[in-house]
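Here are a few friendly notes to read alongside the model. Please keep the structure open as you go through them.

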Amino acid sequence: MKHSMTLRTVAAAGLAGGEPSAAELDAIDAEMPLIAAEVELLDAQITVLDRVPSELDARRLRRARRRVLAARRTLTNQGIAGSPEVA
């Protein structure tokens, strides 16, 4: 039964052209500050993967974590976080 549901989902996506809807694009655009902050945090974490973080690295990590938290807070306050359009 799971297999047939998967085929129906694929078929429905094919009928829609497989492109994201305008609502999905708007939701992604609204979440872009969070996405950018998470990429910055990931970059900072990758930088210190194979070495002991210096004081500058530690500051960069803290700053990136604060930006992620601030972006999440902003999205939550706007009621955008966890929107079903981008699930």
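1. Let's start with how helix α2 (residues 22–30) sits against helix α3 (residues 32–47). In this predicted model, the two pack at an angle of about 50 degrees, and their axes are 4 Å apart. Helices α2 and α3 are therefore oblique to each other.

2. Which residues make that contact? From α2 come I28, D29 and A30, and they meet M32, P33 and I35 in α3. Sorted by class, the contact of α2 with α3 has five nonpolar residues, one charged and no polar ones.

3. Now for α3 itself. This helix has 16 residues and spans 22 Å from its first C-alpha to its last, close to the 22 Å expected at 1.5 Å a residue.

4. Do look at which side of α3 is covered. Its buried residues are L34, A37, L41 and A44. They lie on the same side of α3, because the arc they cover around the axis is only 85 degrees. As a reminder, an α-helix has 3.6 residues a turn, so residues three or four places apart point the same way. The partner for the buried residues of α3 is α4 (55–78), against which they pack.

5. Leaving aside residues up to four places away in sequence, L41 touches L61, A64, R65 and V68. Of these, A64 is 23 residues from L41 along the chain, yet their C-alpha atoms are separated by 4.8 Å.

Terms used
Residues numbered from 1 in each chain as written. Predicted model: local features only at pLDDT ≥ 70, side-chain atom pairs only at ≥ 80, totals over all residues. Heavy atoms only, no water. Axes fitted to C-alpha atoms, helices over the stretch in contact; angles between N-to-C directions. Parallel < 35°, antiparallel > 145°, perpendicular 65-115°, else oblique. Contact = heavy atoms within 4.5 Å. Nonpolar A, V, L, I, M, F, W, Y, C, P; charged D, E, K, R; others polar. Expected span 1.5 Å × (residues − 1). Buried < 20%, exposed > 50% of the residue type's maximum accessible area, 1.4 Å probe, protein only. Arc of directions from axis to C-beta.
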